[in-house]
Amino acid sequence: MTETNDSADIPLAGTSTSLAAADTAEKVSSELYDLIGVKGKASETGPGVTECEDKDRDKYFQIFHPWSLVPASAADLSGVMERLKEELPKHGWKVVDYGPDTSKNKNVSLTADNDGKKHSVNIVHYAKENPPRLGLTVLSGCYQIPDGEEIQRF
């Protein structure tokens, strides 16, 4: 779901208003926070609405929810990516990409899809930043707006 911009690869997530779909994305983010199992400060960025490529922008949309987690202690992130790689599949996620990214810091990145939830997540461990943190982006499948409704963009 996240590896390509080809809309044929993006699953349909059903019919929803953009506000209800944003609530769902926040719930998925909350579940991921619980799975991470590291206490710290999560950013308070809200979800946003984007277009589904190659689909009618007045009828279809995706929700994205970027957020980050700064742990109480940098040591709390030690081994967290390896643990997530093992734990996510036990909760319906399929890890589709894992390993160092192409940045000079070679940040460890994990991408996973959840077909049941029609969401994908990309998690990056920024170990060499000050402070070290996890960056997450949750992305929904393509929703169709109900008849008579308009997509609210935020």
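Reply: In this predicted model, Y143 is buried, with a relative accessible area of 6%. The cut-off for buried is under 20%, so Y143 qualifies at 6%.

Which ring does Y143 pair with? Take the count before the partner. There are two aromatic pairs. One is formed by Y33 and W67. Their ring centres are 6.4 Å apart and their planes are at 50°, a tilted arrangement. Y33 is in helix α1 and W67 in strand β4, so this pair ties together parts 34 residues apart in sequence. W67 is buried, at 8% relative accessible area.

The other pair holds Y143, and its partner is F61. The ring centres lie 5.5 Å apart with the planes at 20°, so these two rings are stacked. F61 sits in strand β4, Y143 in strand β9 (residues 142-144).

Now the cores. In soluble globular proteins, nonpolar side chains tend to be buried together. Here the largest nonpolar core has 20 residues. I36, L88, I123 and L134 make the most contacts inside this core. Several elements build it: α1 (18-36), β4 (60-71), α2 (80-87), β6 (108-114), β7 (119-126) and β8 (133-140) each give at least two residues. The largest share is the four residues from α1. L88 shows the packing in detail. Beyond its neighbours within four places in sequence, L88 contacts L32, L35, W93, L110, A112 and I123.

Next come the charged side chains. The whole structure has five salt bridges. One of them joins E129 and R133, at 3.2 Å from N to O. R133 also lies over the face of Y126, 4.2 Å from the ring centre. R133 is partly exposed at 23% relative accessible area, and E129 is partly exposed at 31%. Another charge sits over a ring elsewhere: the charged end of K55 is over Y60, 5.2 Å from the ring centre.

E51 and R57 form another salt bridge, at 2.8 Å from N to O. E51 is partly exposed, with 39% relative accessible area. R57 is partly exposed as well, at 39%.

Finally, K41 and E44 meet in a salt bridge at 3.8 Å, N to O. Are these two residues buried or exposed? The cut-off for exposed is over 50%. K41 has a relative accessible area of 54%, so K41 is exposed. E44 is exposed at 71%.

Conventions. Residues numbered from 1 in each chain as written. Predicted model: local features only at pLDDT ≥ 70, side-chain atom pairs only at ≥ 80, totals over all residues. Heavy atoms only, no water. Core = buried A, V, L, I, M, F, W, Y, C linked by side-chain atoms within 4.5 Å. Buried < 20%, exposed > 50% of the residue type's maximum accessible area, 1.4 Å probe, protein only. Contact = heavy atoms within 4.5 Å. Phe/Tyr/Trp six-rings, centres within 6.5 Å; stacked < 30°, edge-to-face > 60°. Lys NZ or Arg CZ within 6 Å of the ring centre and 35° of its normal. Salt bridge = Lys/Arg side-chain N within 4 Å of Asp/Glu carboxyl O.
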